[in-house]
Amino acid sequence: QFGAKPTEIRLSFDIDHAWKYKNKGWLRNFGGTIKNLLMLDFKSIAERLCVLTGFKADPYDTFHEIYKLAELVKIEFFILLGDYNKLDINIPYNNHAFRKLIKQISSKFQTGIHPSSKAFNNLTNLEKEIKRLNQITVKTTFSSRQHFLLLHLPDTYKFLIKSGIRDENTMGFADAIGFRSGTSHPYRWFDFEKNDKTELWIHPFIAMDVTMRDYLKMTPEQAFGQLTMMFNEVKKYGGDFGILWHNSSFLDSEGWGDWKKELIAFLINNLGTNFAE
């Protein structure tokens with residue numbers, strides 16, 4: 001029944017790049033330095049050297065700020081553990097520091113798999129990546145969101161069900177704000193081929209950080225002004241108000257400072273919670 005459950009803000013983070021420079025190995029950092037040099041990007045070269053020599057924190061290591069948001073709202077994480085390729089460039093799953101970070105996250109927050117570009121249509125790769133997360137967290141993984149929001153229906157959903165996933169969080173637009181399936185309410189996926197309502201719950205989200213800034217070219221004020229208006233409308237009917245963010249989208253030097261401030265202000269204004277930055 002619509003409206004029966006109060007609207008809940010669900011803030012989730014995709015961990016595509018746990019660190020910008022650290023723990024990537026000398027080969028990738030050497031290649032990155034050469035690329036920066038060819039582009040005459042001396043600022044990035046200097047930043048990389050400062051991080052790797054310990055004189056500066058890694059820019060994407062924003063987890064202490066993210067954890068603080070848990071004082072305001074329930075937080076979820078989705079972690080990319082696919083093998084390295086052009087689209088999946090996270091830290092290697094067997095890196096000690098990365099595994100330590102994942103254990104830390106999973107001990108405090110709900111943690112799911114972020115299936116790679118090689119797993120959204122490949123059951124073997126999907127099960128391999130879920131197994132990696134299970135082994136690191138010593139927990140069973142039930143939740144997922146696809147990297148780049150890649151879906152190949154109905155196969156992706158069928159593979160997720162076979163792999164034990166029960167909560168799927170990919171249903172949203174990469175290039176627009178709004179509910180892609182037309183509802184804010186979680187719903188069970190219906191398999192039309194089998195004429196069966198499955199046990200896979202689809203959790204829609206309404207907006208993603210890079211969609212608002214990079215695709216729609218919105219200012220932080222415009223984006224969260226629209227989200228506030230939409231949140232007030234969704235509250236009339238209940239359901240969830242899912243917002244997708246990234247740990248790399250907390251970085252002041254890459255233009256995310258005002259976005260971070262507006263996100264915090266949105267949470268405070270709509271959750272009525274006192275919060276000290």
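Let's start with Asn36, which counts as buried at 10% relative accessibility. Buried here means under 20% relative accessible area, exposed means over 50%, and partly exposed lies in between, with a 1.4 Å probe and protein chains only. Asn36 sits in helix 1. Helices are DSSP runs of H or I with at least four residues, strands are runs of E with at least two, and both are numbered from the N terminus. Leaving aside neighbours within four places in sequence, Asn36 is in contact with Asp41, Ser44, Ile45 and Arg48. Contact means heavy atoms within 4.5 Å.

A word on the model. It is predicted: local features need pLDDT of at least 70, side-chain atom pairs count only at pLDDT 80 or more, and totals for chains, interfaces and linings use all residues. Residues are numbered from 1 along each chain as its sequence is written, and side-chain values use heavy atoms, with hydrogens and water left out.

Now helix 2, residues 42-52. Its buried residues are Ser44, Ile45, Glu47, Arg48 and Val51. What do the buried residues of helix 2 pack against? They pack against helix 1. The face turned away from the buried side carries the exposed residues Phe42, Lys43 and Leu49. Gly54 follows helix 2, with a positive phi near 85 degrees.

Back to helix 1, residues 25-38, and the surface. Helix 1 gives the most to a nonpolar patch, with 6 residues. The patch covers about 1100 Å² and is made by Trp26, Leu27, Phe30, Ile34, Leu37, Leu38, Met39, Leu40 and Phe42. Patch residues have over 30% relative accessible area and no salt bridge, and nonpolar side chains are joined within 5 Å. A salt bridge is a side-chain nitrogen of Lys or Arg within 4 Å of a carboxyl oxygen of Asp or Glu. Leu27 lies in helix 1. Leu27 is exposed, at 57% relative accessible area.

Asn23 counts as partly exposed, at 26% relative accessibility.

Next, helix 6, residues 155-162. Pro154 lies in the loop between strand 4 and helix 6. Which residues of helix 6 are buried? Thr156, Tyr157, Phe159 and Leu160. They fall within an arc of 160 degrees, so they line one face of helix 6. Their cover includes helix 5 (123-137) and strand 7 (196-202). Ser163 lies in the loop between helix 6 and strand 5. Ser163 is buried, at 14% relative accessible area. Beyond four places in sequence, Ser163 touches Leu123, Leu126, Glu127 and Ile130.

Last, the core. The largest nonpolar core has 59 residues, and Phe13, Leu69, Phe77, Phe241 and Trp245 touch the most other members. Such a core is a set of buried Ala, Val, Leu, Ile, Met, Phe, Trp, Tyr and Cys residues joined through side-chain atoms within 4.5 Å. Helix 8 (residues 220-234) supplies the largest share of this core, 6 residues. Beyond four places in sequence, the residues touched by Phe241 include Ile206, Leu227, Met230, Phe231 and Phe266.

Note on methods:
Arc of directions from axis to C-beta. Patch = residues over 30% accessible without salt bridge, like charges linked within 9 Å, V, L, I, M, F, W, Y side chains within 5 Å. Areas by Shrake-Rupley, 256 points an atom, 1.4 Å probe, with all protein chains shown as cover.
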